[in-house]
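Have a look at the structure first, then read on.

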Amino acid sequence: MAGYAELHCHSAYSFLDGASRPEELVLAAAEHGYPALALTDHDGIYGSLEFAYAAKAFGVRPITGAEVTLADGSHVTLLVETPRGYANLCRLLTAAHAGRRLDPGLDQALLEERNDGLVCLSGCARSGLALRNPNAAARLARALGPERFLVELQRPLTRGDARRNAALRELAGTLGVHTVATGNAHAHAESRVRLQDALVAIRHRTSLEGCEPERRGNDECALLAPAEVAERWRDDPASVAAAGELAERLTFDLTQELGYRYPDFSDGPDPADVQLARVTRAAFDERYRDARPGLRRRAEERLREELALIAELGLSGFFLLHWEVLELARDVAAEVRGAGSPRHLLPPGRGRGSSVGSIVCYLTGLSHVDPVAADLKLGRFLNRELVSVPDIDLDFPRDIRERLIVAVCEKYGREHSALVASFATYRARGAIRDVGKALGLPPAELERLARLSDGWNARRVAEELELLPEAERRRRSPRWRAFAELCGEIAGLPRHLSQHPGGMIISTRPLTELVPIEPAAMEGRQLCQWDKDSCSDAGFLKIDLLGLGMLSAVEECVEQIALLRDERIDLSRIPLDDPAVYAEIQDADTVGLFQIESRAQMQSLLRTRPENLDDLTVQVALVRPGPIQGKAVHPYVDRRQKLREDPGFMPPYDHPLLAEPLEETLGTIIFQEQVLDVAVALAGFSVGEAEGLRRAMSRKRSEAAIEAYRDRFLEGAAGRGVPRETAELVFGKINGFASFGFPKSHAAAFALLAYQSAWLRHRYPAEFLCALLNAQPMGFYPPASLVRDAQRRGVEVRPPDVRVSEAKCRLEGEAVRVGLGYVRGLGEEPAKALAAERERRGPFTGIRDLAQRAPVDRPALEALVAGGACDSFGWPRRQLLWRLGLAPRSVSAGGGGEERQLALPLDPQTDVPELPEQTSWERMLADYRVTGLSVGVHPLTLLRPSLPEGVTRSDELGGLAHGARVAVAGMVIARQRPATANGVVFMLLEDEEGQVNLVVPPPVYERCRAAVRGEPLVLARGRFERYERNRNVVVESLESLSALARAAAGEVEVSESMPRAHHFGGRR
Amino acid sequence: MVTRGVGASAEPVTVNRMQVARVREVWRVVDRWWTEAPVRRRYFDLVLESGQNVVAYHDEEAGGWFTQRA
């Protein structure tokens, strides 16, 4: 007799229902000795490929399936028997989701029609079709026959099991079909069932008490050992045996070839190789027409080599497909930018990643960097031992990307293309809010905790709670104890389906037979049910159409310059060696610039002092986890400095064999392809082997695989006479680097954009700020800090104003006018409608006129007043608010009857009440609260007179000696707790004159963690450190200035209005 | 009440000095684990030799056996 196999099992990909990851289920199944296990998540196969690979690794045979919701709400369990059945399951799931986002429901008639290769079980104990609608079950039984339709019996040890199963057995007898026992597992072990209870509460947006009928009522929904199953079904061994026998039939293997093919141009009049040669030749003649003969000759040679390699690898169609998408992007860009736009000189998008090293990519428009002139290697991107299709990422301005995604879908067909999914997973903040609500914990306390939790690892919420005040009280409470435990368990579980930033899959065979497709949140878009890892495992070709905020900003900046000055900027022709631009970069004056604006980048820039684009390429790649963990940063910075002081300086290399591959980075590993080069040079790896090593170190780090490569590396190095300790040292560096770094080609593309952003900011600071504000959210700094920085460089910034502002920020002469879109509570569309009304019928003459004509609701009008957008009417804000209350409305804002009332032509006769003027504090706080920025007085200017004696301003730090005691105060604009910094927290303070770097050592952090993490205004005391041009305050104590600010502001709440600091890092 | 077996496999043999003629159904209730008063019980729907129906449960939290009307 076949051993029992579980045929009904949910993972966490049954969102907010399953409580265990697929791997946990597989591991439990393997421990229990299951021969096979089916994954049957609700209405999807989101985790099936991940499950299938994990199951095979643990020796459990994976069975693909899903629990499908029918249109009437009842459930059936579908299991795949054959490849045809898999295609049908994908089609059925696609149909179940079509037009029913978040509420899938399959028309049963479709299942009766399209069920080849599928086995159908009659559904679960609560919502099974056989229970809810026996006649419908009978129809299905007839459609599938007794071989492929079985009545499903479950025994979750709830009252009524016996009666239900007796009725189901009777039904099976009537239909002439077999019964089969299933477990409906929702957790891999009993210990995880509490989380399943909590997930039910979260799904129903209530507390555990509030969802008693929906919960399972006991802890029996874990995966059982076969012996327990036998014991539970001792009166019905036949149904248990039926499960094992059925499992033996279900041999479809999802990890095998799915039959995917991308459109490879093989059906054209000429072979794809010929088509690609023609496309690149035409572009070559244009691009290299005026090139120096040497460059042209080298480029010719490179093109010939690449085309031969591409043909050999059978990838001509792959490049043609990308070229075709780029051509489509050109059309989309022309349409989005409009005729005669100053942006027409810009390419529609840019390549990033290792593809930038390819001349074929350069000539097909996939990249904008000439790899021959820039001396970029092809190695990693294309080599003879390539095991999968190369990665090509394309960056687009956001507006072009939005339209391109739809255009790609239209071109290749909705059955043949879809976006790649991603899964939003639980992190600390979400876990605290959701689990806390489920447990009925006080919302205010949860909110405080959530706000403190930036950078917490959700798995360690319990430990964090122990360090907070009132730990003892929480420890005594069973609810808080459960909270700590469940937050740890829920960490990392998928919460819902989301969209990958831009990955698209295109398939020759209908994609709907390879993976289910469902509608995305955004109208017109559709997602496949797999994330990028599953798509990669399935061998799908993913084209990444990424939206890059800085590209949008740069494009808009060019447009603003043309509008304001009638100057046409062609960014591909700007000088790349402007000394004034490099002077700013060398001084770390880089707020708002692409890639080189972070605190860590600034500190490094002061020492590396990039002088050209090559230096900037290294710089962009330098401050990344790879070089940091590979211990490359400090040696590189030191050596660069030595080289500057002594041009004859020879950087040390770990071994002479590394002199060549590491020459440009002074003996350190900074670029991803250097990992390959080092493995080739030191250990004699082939390029393919080296790429295998890099992959082993990448996304799914396999310790066993890395170990195997380590042995091979040491052996190869020994063969070249490299001492073992040197080989060990170098391998350690490679392993530390892993793949958390940029390829040089990618860094080169980013460095160019970094330079272009610096050049634009230097020449056109107002236009640049305007574009940057319109491209938010992006970058390291909140808009408030971008505004302050621009003001310091002389840009005039004007507040939002209903009489002149557009929805977006724009230029008024040389000044930047903040857009109405910055007023929170107004929204982009109402802001546009308001500006359009002004355009149509003339300026608003006063608050009453605004209230009558503006097509926005009353809270939005109040927000406009509160945020200072009505100041130009000439009344104080409180007066305006009072007058707004009296103003009749005649405009429909889509609201109720009040909004539709006709205006009375009478002025209010009420006496104007005595309303005290807002203080400077109140106005400034309202600006921050309502618009997220303030163009007026800085909070520190107001707070300065109340600060204790001896607090130093940021512009006075330069006069202090190294080691001097110092106190500084400011608004926290960024805090960072990098995984690589051993618990040190870095904070960036802003005062009225500039910024100050704080370094908070772990003991100080432990002592002052609440202030470090949550306070917007702080006073730090410590030691001033000056290393060459770097200036830091190493903090010894840190205190909140909230109480002081509150007192200074006249008992007005300050902290809540201040902008929240950006938080970075936090892995531990 | 007289029971046989221990732990999760324990079940009543005699209730109110009557032999259990048949165990009609067994179910479990695990609830309120997040409170001061968690519930963890194993219920038995029994037919006694007298023909009477009775529900007995084992309180797994506090220990002890209890009966209630069916």
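## Domains of chain A

Keep in mind that this is a predicted model.

Nonpolar side chains tend to be buried together in soluble globular proteins. Here the largest nonpolar core runs to 143 residues, and Leu7(A), Phe319(A), Trp530(A), Phe540(A) and Leu545(A) have the most contacts inside it. Helix α13 (residues 316-337) of chain A provides the largest share of this core, with 10 residues. At least three residues come from each of domain 1 (22-159 + 176-249) and domain 2 (272-423 + 499-547) of chain A. Apart from that core there's another one, with 92 residues, including Leu346(A), Val620(A), Ala974(A) and Leu1041(A).

What does Phe319(A) touch, leaving out residues up to four places away in sequence? The list is Leu276(A), Ile310(A), Val360(A), Cys361(A), Leu366(A), Phe381(A), Leu382(A) and Ile392(A).

## A buried glutamine

Is Gln526(A) buried or exposed? Gln526(A) counts as buried because its relative accessibility is 9%, which is under the 20% cut-off. You'll find Gln526(A) in strand β12 (residues 526-531) of chain A.

A polar atom of the Gln526(A) side chain sits 2.6 Å from the backbone oxygen of Arg414(A). Setting aside residues up to four places away in sequence, Gln526(A) touches Cys409(A), Arg414(A), Ser417(A), Ala418(A), Leu419(A), Ile517(A), Glu518(A), Pro519(A) and Ala520(A).

## Where chain A meets chain B

Between them, chain A and chain B bury about 1700 Å², with 49% of it on carbon and sulfur atoms. Leu157(A), Arg159(A) and Pro478(A) supply 31% of the area that chain A buries against chain B, more than any other three residues. In terms of residues, 23 from chain A and 18 from chain B take part in the contact.

How many salt bridges are counted between chain A and chain B? The count is four. In a salt bridge, the side chains of Asp219(A) and Arg28(B) meet at 2.5 Å, N to O. There are also 13 residue pairs in polar contact across the interface of chain A and chain B, both residues being at pLDDT 80 or more. On the side of chain A that touches chain B, α7 (161-175), α8 (193-203) and α20 (478-490) of chain A each supply at least two residues. α20(A) gives the most, with four residues.

Most residues other than glycine have a negative phi, and most peptide bonds are trans. Against that background, Gln776(A) and Pro777(A) are joined by a cis peptide bond, with omega about 5°. Pro777(A) is in the loop between α33 (765-774) and α34 (783-792) of chain A.

Asp566(A) has a positive phi of about 60° and belongs to the loop between α22 (549-565) and α23 (579-586) of chain A. Asp566(A) counts as exposed, because its relative accessibility is 65%. Arg609(A) also has a positive phi, near 45°, and lies in the loop between α24 (599-608) and α25 (613-622) of chain A. With 27% relative accessibility, Arg609(A) counts as partly exposed.

How values were computed: Residues are numbered from 1 along each chain as its sequence is written. Chains are lettered from A and ligands numbered from 1 in the order in which they are written. This is a predicted model: local features need pLDDT of at least 70, side-chain atom pairs count only at pLDDT 80 or more; totals for chains, interfaces and linings use all residues. Side-chain values use heavy atoms; hydrogens and water are left out. A nonpolar core is a set of buried Ala, Val, Leu, Ile, Met, Phe, Trp, Tyr and Cys residues joined through side-chain atoms within 4.5 Å. Buried means under 20% relative accessible area, exposed over 50%, partly exposed in between (1.4 Å probe, protein chains only). Domain bounds come from an automatic or database domain assignment. Contact means heavy atoms within 4.5 Å. A polar contact is a pair of N or O atoms within 3.5 Å; within protein, one must be able to donate a hydrogen and the other to accept it, and residues adjacent in sequence count only if both atoms are side-chain atoms. Buried area is the accessible area (1.4 Å probe) that two parts lose on being put together, summed over both.
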